[in-house]
Amino acid sequence: MRSIEEFRTEIRISDAAVDDLRRRLRQTRWPVVPRAEDWTYGTPHEPLQRLLEYWDSGFDWQRWLQELNRHPHYLLPVHAAADHRRVHAVILRSAAGLRPPVVMAHGWPGSFVEFLGVAERLAAPERFGGAPHEGATVILLSLPGTVMSSAPAVPVGPRAIAADWHAVITRTLGIDLFLMHGSDWGAAVASWLAVDAPHCLHGLHLTSAIMQPDVTGLELDDAEREFLARRALRGPWESGYQIIQGTKPATLSYALTDSPAGLAAWLLEKYQSWGAARGTAALPPIPFDELLGIISLYWFYGPGPASWSYRSLVDGTGLRFPSGTRVTVPTAICSFAFDVSPPSPPAWQQRAYEVIRRTAVDHGGHFPGLDATVALAGDIASYSADLANRALTG
């Protein structure tokens with residue numbers, strides 16, 4: 001990896017910005033909401049009030065910034081980009097690791113923060129009972145418009161993001177071969193990168209086979225038909241956010257950018273309904289400090305552009321492979337018990353991916369970096385070892 005210290009940066013939040021946030025939190029105007037025993041109608045008053053009170057008076061801002069900046073941050077240029085686009089990255093170098101670098105990509109409303117614990121285990125396995133040579137340099141990339149990554153002028157889909165990231169990884173960082181992990185939209189970006197630049201990937205590791213194959217005129221088996229029926233059950237109850245973010249994101253962005261309570265309610269509902277707490281009145285099983293660490297970055301750096309990828313979901317270009325398109329890179333699917341996305345059957349996965357490994361974890365949800373850290377890190381490390389063994393045995 002070439003020297004990139006000229007692009008080194010850090011997370012900076014001024015005292016004035018924190019004071020402004022606290023003022024806004026204390027001046028929250030509370031709406032009338034439908035009565036319910038759970039989150040049927042969205043984020044209820046009581047859990048949101050608890051979160052906001054902690055954000056105002058309990059959240060340790062200095063410790064949060066120190067923890068984030070304990071890791072090296074970079075603003076990496078997209079090679080030869082005419083508009084001077086930059087991609088925010090956290091890079092944890094392995095002191096003695098022999099395995100190919102691991103690139104990790106988050107989704108919405110995620111953040112590089114959800115992968116910090118995973119990255120530490122992959123980069124320094126000796127700190128967790130492993131051997132130093134089993135480590136790998138880990139690169140956490142932030143989606144466009146997230147943290148310090150440049151916001152696009154107009155919504156862009158995962159294939160365009162993949163092209164930028166390919167340039168950053170191979171040309172700015174000088175990495176020729178890497179293992180890539182993706183969750184949520186990060187899985188879509190990783191999948192498109194695997195389609196367009198398969199020679200660069202040592203392997204692909206995903207939390208779901210997110211891409212939809214073209215099955216026009218094809219006969220589906222019973223398991224595939226059952227899977228599509230289960231997926232359809234989410235219906236309008238869980239897809240409203242997709243429609244507004246994918247059609248009129250500007251309208252929504254004013255409220256999320258001006259009201260920290262509105263932003264927290266919008267994001268908190270996803271963390272609750274996409275994991276183990278789904279269908280209950282409970283808060284998501286993720287500590288407030290971690291949740292607010294992510295929500296705070298959305299607040300201070302602007303939440304709008306991070307959600308624009310949904311435009312490509314609504315228009316059908318983002319998560320659907322055209323006829324004849326398939327990932328040929330060796331792929332591992334690691335599914336988590338409480339993920340909101342139902343696991344697809346092997347036959348469906350094979351239509352879009354060259355799946356050589358499947359793992360089912362009995363805990364964790366849509367954000368396993370936060371609620372299944374050890375399991376996610378362990379599966380990525382194990383898969384990397386499998387790939388190395390396959391290369392040795394031919």
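Let's start at Ala261, which sits in helix H10 (helices are DSSP runs of H or I with at least four residues, strands are runs of E with at least two, and both are numbered from the N terminus). Keep in mind that this is a predicted model, where local features need pLDDT of at least 70, side-chain atom pairs count only at pLDDT 80 or more, and totals for chains, interfaces and linings use all residues. Residues are numbered from 1 along each chain as its sequence is written, and side-chain values use heavy atoms, with hydrogens and water left out.

Ala261 has a relative accessible area of 8%, so it counts as buried (buried is under 20%, exposed over 50%, partly exposed in between, with a 1.4 Å probe and protein chains only). Setting aside neighbours within four places in sequence, Ala261 is in contact with Thr28, Leu48 and Leu52 (contact means heavy atoms within 4.5 Å).

A pocket here is an open set of points on a 1 Å grid over the protein atoms alone, where a 1.4 Å probe fits, with protein on both sides within 12 Å along at least five of seven lines; lining residues have an atom within 4 Å of a point. This second largest pocket holds about 920 Å³ of space (grid points are joined across faces, edges and corners, and the volume is the space filled by probe spheres set on them). Its lining has 36 residues, with Tyr41, Gly42, Thr43, Pro44 and Ala265 nearest the centre.

The largest pocket has a volume of about 1,100 Å³. Of its 43 lining residues, Ile210, Arg231, Arg234, Leu319 and Ser341 are the closest to its centre. Strand S9 (354-361) is one of the elements that give two or more residues to this lining.

Asp379 pairs with Arg357, their closest N and O atoms being 2.8 Å apart. Asp379 is buried at 5% relative accessibility, and Arg357 is buried at 16%.

Arg63 and Asp289 form another salt bridge, at 3.8 Å between the closest N and O atoms. Arg63 lies in helix H3 and Asp289 in helix H11, so the pair ties together parts 226 residues apart in sequence.

Conventions. Salt bridge = Lys/Arg side-chain N within 4 Å of Asp/Glu carboxyl O.
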